[in-house]
Amino acid sequence: MRYSNRYLYLVVAIFAVFSAGQVAANPNSAAEKPETPTVALEKLLGEVIRGGEWRTPNPDYKPGENAPTHYSTRYSWGPYKQHVTGELVGIFKTDEGEKEIRFWTLYAFYNPVIRKAEAYQIGWNGSIATGSMYRNADGNLQIEQTFFGVDGSEKDMKHEEKMDKSGDWFMSDVFEKNAAGNWVEARDWIWTKHSKR
(Lines give C-alpha, C1' and ligand atoms only; values in the text may rest on other atoms or scores of the structure.)
Protein backbone atom coordinates (compact mmCIF):
# COMPACT_ATOMS: atom_id res chain seq x y z
CA MET A 1 0.00 0.00 0.00
CA ARG A 2 2.89 2.37 0.77
CA TYR A 3 4.37 1.71 -2.64
CA SER A 4 1.03 2.59 -4.26
CA ASN A 5 0.82 5.88 -2.36
CA ARG A 6 4.41 6.80 -3.23
CA TYR A 7 3.67 6.00 -6.88
CA LEU A 8 0.55 8.17 -6.78
CA TYR A 9 2.50 11.09 -5.23
CA LEU A 10 5.19 10.73 -7.90
CA VAL A 11 2.62 10.80 -10.72
CA VAL A 12 0.96 13.88 -9.21
CA ALA A 13 4.33 15.64 -8.80
CA ILE A 14 5.38 14.87 -12.39
CA PHE A 15 1.99 16.09 -13.68
CA ALA A 16 2.31 19.33 -11.66
CA VAL A 17 5.82 20.01 -12.98
CA PHE A 18 4.79 19.23 -16.55
CA SER A 19 1.68 21.43 -16.27
CA ALA A 20 3.71 24.34 -14.88
CA GLY A 21 6.13 24.02 -17.80
CA GLN A 22 3.25 24.02 -20.29
CA VAL A 23 1.74 27.16 -18.72
CA ALA A 24 5.09 28.96 -18.93
CA ALA A 25 5.67 27.87 -22.52
CA ASN A 26 2.17 28.69 -23.79
CA PRO A 27 1.40 32.44 -23.89
CA ASN A 28 -2.30 31.68 -24.32
CA SER A 29 -2.47 29.62 -21.14
CA ALA A 30 -5.00 30.20 -18.39
CA ALA A 31 -2.64 32.68 -16.71
CA GLU A 32 -2.63 34.90 -19.82
CA LYS A 33 -5.91 33.91 -21.40
CA PRO A 34 -6.77 36.22 -24.32
CA GLU A 35 -10.00 38.17 -24.47
CA THR A 36 -12.93 36.54 -26.19
CA PRO A 37 -14.05 38.11 -29.48
CA THR A 38 -17.23 39.32 -27.77
CA VAL A 39 -15.35 41.18 -25.02
CA ALA A 40 -12.74 42.65 -27.37
CA LEU A 41 -15.29 43.85 -29.95
CA GLU A 42 -17.59 45.23 -27.26
CA LYS A 43 -14.72 47.43 -26.03
CA LEU A 44 -14.09 48.69 -29.56
CA LEU A 45 -17.54 48.94 -31.13
CA GLY A 46 -20.06 48.60 -28.31
CA GLU A 47 -21.01 52.29 -28.32
CA VAL A 48 -21.77 52.45 -32.03
CA ILE A 49 -23.63 49.12 -31.97
CA ARG A 50 -25.88 50.28 -29.12
CA GLY A 51 -26.41 53.60 -30.93
CA GLY A 52 -28.27 51.81 -33.72
CA GLU A 53 -28.27 54.06 -36.76
CA TRP A 54 -25.95 57.04 -37.19
CA ARG A 55 -26.36 59.74 -39.85
CA THR A 56 -24.32 62.59 -41.27
CA PRO A 57 -25.20 65.10 -44.00
CA ASN A 58 -23.51 64.72 -47.38
CA PRO A 59 -21.38 67.90 -47.60
CA ASP A 60 -21.25 67.63 -51.39
CA TYR A 61 -25.01 67.43 -51.89
CA LYS A 62 -26.66 70.12 -54.02
CA PRO A 63 -30.47 70.35 -54.30
CA GLY A 64 -31.78 68.80 -57.48
CA GLU A 65 -28.86 66.39 -57.83
CA ASN A 66 -29.34 62.66 -57.89
CA ALA A 67 -27.03 62.25 -54.90
CA PRO A 68 -27.51 61.19 -51.29
CA THR A 69 -28.60 63.94 -48.92
CA HIS A 70 -27.17 61.95 -45.99
CA TYR A 71 -25.05 58.92 -45.24
CA SER A 72 -26.02 56.36 -42.64
CA THR A 73 -24.07 53.67 -40.79
CA ARG A 74 -25.53 50.74 -38.88
CA TYR A 75 -23.66 48.11 -36.91
CA SER A 76 -24.94 44.89 -35.35
CA TRP A 77 -23.65 41.73 -33.76
CA GLY A 78 -23.32 38.64 -35.87
CA PRO A 79 -24.75 35.33 -34.63
CA TYR A 80 -23.36 34.38 -31.21
CA LYS A 81 -21.67 37.82 -30.87
CA GLN A 82 -18.40 36.59 -32.37
CA HIS A 83 -18.16 39.29 -35.07
CA VAL A 84 -19.78 42.57 -36.06
CA THR A 85 -21.39 43.48 -39.36
CA GLY A 86 -22.01 47.00 -40.58
CA GLU A 87 -23.15 48.96 -43.58
CA LEU A 88 -22.72 52.43 -45.00
CA VAL A 89 -25.68 53.57 -47.08
CA GLY A 90 -26.60 56.69 -49.00
CA ILE A 91 -29.99 58.23 -48.18
CA PHE A 92 -31.81 59.70 -51.19
CA LYS A 93 -34.95 61.84 -51.09
CA THR A 94 -37.53 60.90 -53.70
CA ASP A 95 -41.18 61.69 -54.35
CA GLU A 96 -42.00 58.34 -52.74
CA GLY A 97 -39.93 59.09 -49.63
CA GLU A 98 -36.44 58.05 -48.56
CA LYS A 99 -34.56 55.49 -50.63
CA GLU A 100 -31.29 53.80 -49.71
CA ILE A 101 -28.32 52.50 -51.64
CA ARG A 102 -25.72 50.44 -49.83
CA PHE A 103 -22.17 51.55 -50.65
CA TRP A 104 -20.10 49.49 -48.21
CA THR A 105 -20.54 46.34 -46.13
CA LEU A 106 -18.22 45.93 -43.13
CA TYR A 107 -17.09 42.86 -41.19
CA ALA A 108 -15.18 43.29 -37.92
CA PHE A 109 -13.65 40.41 -36.01
CA TYR A 110 -11.07 39.70 -33.31
CA ASN A 111 -8.25 37.17 -33.59
CA PRO A 112 -7.60 35.89 -30.03
CA VAL A 113 -4.24 34.31 -30.93
CA ILE A 114 -2.56 37.46 -32.28
CA ARG A 115 -4.86 39.63 -30.11
CA LYS A 116 -5.81 41.94 -32.91
CA ALA A 117 -9.13 43.29 -34.16
CA GLU A 118 -9.53 43.71 -37.91
CA ALA A 119 -12.04 45.36 -40.21
CA TYR A 120 -12.80 44.27 -43.77
CA GLN A 121 -15.02 46.29 -46.09
CA ILE A 122 -16.49 45.41 -49.47
CA GLY A 123 -17.79 48.19 -51.71
CA TRP A 124 -20.73 48.10 -54.09
CA ASN A 125 -18.32 48.14 -57.06
CA GLY A 126 -16.01 45.37 -55.80
CA SER A 127 -13.45 47.60 -54.08
CA ILE A 128 -12.19 46.28 -50.75
CA ALA A 129 -10.52 47.65 -47.64
CA THR A 130 -8.59 45.72 -44.99
CA GLY A 131 -6.92 46.83 -41.80
CA SER A 132 -6.82 46.91 -38.02
CA MET A 133 -8.89 48.49 -35.26
CA TYR A 134 -7.68 49.56 -31.84
CA ARG A 135 -8.00 52.23 -29.15
CA ASN A 136 -5.30 54.88 -29.39
CA ALA A 137 -3.56 56.64 -26.48
CA ASP A 138 -6.50 59.04 -26.14
CA GLY A 139 -8.96 56.15 -25.91
CA ASN A 140 -10.49 56.89 -29.31
CA LEU A 141 -11.35 54.15 -31.77
CA GLN A 142 -8.83 54.05 -34.60
CA ILE A 143 -9.33 52.15 -37.84
CA GLU A 144 -6.35 51.93 -40.24
CA GLN A 145 -7.06 50.36 -43.61
CA THR A 146 -5.68 50.02 -47.10
CA PHE A 147 -8.30 50.52 -49.80
CA PHE A 148 -7.90 48.54 -53.01
CA GLY A 149 -9.85 49.78 -56.03
CA VAL A 150 -11.02 47.66 -58.92
CA ASP A 151 -8.95 49.94 -61.17
CA GLY A 152 -5.75 48.81 -59.43
CA SER A 153 -5.49 51.85 -57.16
CA GLU A 154 -4.34 51.61 -53.56
CA LYS A 155 -4.78 54.12 -50.75
CA ASP A 156 -3.99 54.06 -47.02
CA MET A 157 -6.67 55.68 -44.84
CA LYS A 158 -7.22 56.13 -41.14
CA HIS A 159 -10.42 56.98 -39.25
CA GLU A 160 -10.31 58.27 -35.68
CA GLU A 161 -13.69 58.15 -33.95
CA LYS A 162 -14.22 60.45 -30.95
CA MET A 163 -17.47 59.68 -29.12
CA ASP A 164 -19.10 62.58 -27.27
CA LYS A 165 -19.73 62.04 -23.56
CA SER A 166 -23.47 62.17 -24.22
CA GLY A 167 -23.19 59.15 -26.53
CA ASP A 168 -25.52 60.94 -28.97
CA TRP A 169 -22.90 61.85 -31.57
CA PHE A 170 -19.29 61.22 -32.52
CA MET A 171 -16.71 62.90 -34.71
CA SER A 172 -14.85 60.92 -37.32
CA ASP A 173 -11.57 62.42 -38.52
CA VAL A 174 -10.41 60.86 -41.78
CA PHE A 175 -6.72 60.86 -42.75
CA GLU A 176 -4.99 59.79 -45.93
CA LYS A 177 -1.32 58.89 -46.24
CA ASN A 178 0.53 61.19 -48.63
CA ALA A 179 3.49 60.34 -50.91
CA ALA A 180 5.92 61.08 -48.07
CA GLY A 181 4.18 58.52 -45.85
CA ASN A 182 2.62 61.10 -43.51
CA TRP A 183 -1.01 61.16 -42.38
CA VAL A 184 -2.89 64.22 -43.68
CA GLU A 185 -6.44 65.02 -42.58
CA ALA A 186 -8.77 64.74 -45.56
CA ARG A 187 -12.19 65.25 -43.98
CA ASP A 188 -14.13 65.19 -40.74
CA TRP A 189 -17.66 63.97 -40.21
CA ILE A 190 -20.11 64.34 -37.34
CA TRP A 191 -22.39 61.32 -36.96
CA THR A 192 -25.53 61.66 -34.83
CA LYS A 193 -27.96 59.03 -33.61
CA HIS A 194 -30.97 58.73 -35.87
CA SER A 195 -34.38 57.48 -34.85
CA LYS A 196 -36.65 56.24 -37.58
CA ARG A 197 -40.17 57.62 -37.21
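Here are some questions and answers about this predicted model, each working from a value to a conclusion.

Q: What makes up the protein chain, in helices and strands?
A: There are 2 helices and 10 strands. Reading from the N terminus, the order is α-α-β-β-β-β-β-β-β-β-β-β. As for burial, 34% of the 197 residues count as buried.

Q: How do you know that strand β1 and strand β2 pair?
A: Count the bridges: β1 (residues 53–57) and β2 (residues 70–77) share 5 of them. The cut-off for pairing is at least two bridges, so these strands count as a pair.

Q: What sits in the loop between β1 and β2, and why is Gly64 called buried or exposed?
A: Gly64 has its place in that loop. Its relative accessibility is 80%, and exposed means over 50%, so Gly64 counts as exposed. Its C-alpha atom is 10.0 Å from that of Lys93, a residue 29 positions away along the chain.

Q: How do you know that β2 also pairs with strand β3?
A: Same test, next strand: 8 bridges join β2 to β3 (residues 83–94), and pairing takes at least two, so this is a pair as well. The two run antiparallel, with Thr73 standing opposite Leu88 in β3. Their hairpin has 5 residues between the strands.

Q: What makes the phi of Tyr80 worth a look?
A: Most residues other than glycine have a negative phi. Tyr80 isn't a glycine, yet its phi is positive, about 70 degrees. You'll find Tyr80 in the loop between β2 and β3. With 75% relative accessibility, against a cut-off of over 50%, Tyr80 counts as exposed.

Q: Why is Lys81 called partly exposed?
A: Its relative accessibility is 37%, which lies between the 20% and 50% cut-offs, so Lys81 counts as partly exposed. Lys81 is also in the loop between β2 and β3, and its phi is positive too, near 55 degrees, though Lys81 is a residue other than glycine.

Q: How do you know that β5 and β6 pair, and what is in their hairpin?
A: Strand β5 (residues 116–123) and strand β6 (residues 128–135) are joined by 6 bridges and run antiparallel. At least two are needed, so they count as a pair. Ala119 stands opposite Gly131 in β6. The hairpin has 4 residues between the strands, and Gly126 there takes a positive phi near 100 degrees.

Q: How do you know that β6 pairs with strand β7?
A: Between β6 and β7 (residues 141–148) there are 8 bridges in the antiparallel sense. The rule asks for at least two, so the pairing holds. Tyr134 has Gln142 in β7 as its bridge partner. This hairpin has 5 residues between the strands, and Gly139 in the turn has a positive phi of about 85 degrees.

Q: Why is the pair of Phe170 and Trp191 called stacked?
A: The model has 7 aromatic pairs. In this one, the ring centres are 6.5 Å apart, and the planes meet at 15 degrees; stacked takes planes under 30 degrees apart, so the pair is stacked. The pair links distant parts of the chain, with Phe170 in strand β9 (residues 169–177) and Trp191 in strand β10 (residues 183–194), 21 residues apart.

Q: How do you know that the charged end of Lys158 sits over a ring?
A: The charged end of Lys158 is 5.1 Å from the centre of the Phe175 ring, and sits over that ring. The distance part of the rule is within 6 Å, so 5.1 Å passes.

Q: What lines the largest pocket?
A: The largest pocket has a volume of about 850 Å³. Of its 34 lining residues, the closest to the centre are Leu88, Trp104, Gln121, His159 and Trp191. By class, the lining has 20 nonpolar, 10 polar and 4 charged residues.

Notes. Residues numbered from 1 in each chain as written. Predicted model: local features only at pLDDT ≥ 70, side-chain atom pairs only at ≥ 80, totals over all residues. Heavy atoms only, no water. 1 Å grid on protein atoms, 1.4 Å probe; cavity = no way out; pocket = protein on both sides within 12 Å on 5 of 7 lines; lining within 4 Å. Points joined across faces, edges and corners; volume = space filled by probe spheres on them. Nonpolar A, V, L, I, M, F, W, Y, C, P; charged D, E, K, R; others polar. Phe/Tyr/Trp six-rings, centres within 6.5 Å; stacked < 30°, edge-to-face > 60°. Lys NZ or Arg CZ within 6 Å of the ring centre and 35° of its normal. Buried < 20%, exposed > 50% of the residue type's maximum accessible area, 1.4 Å probe, protein only.
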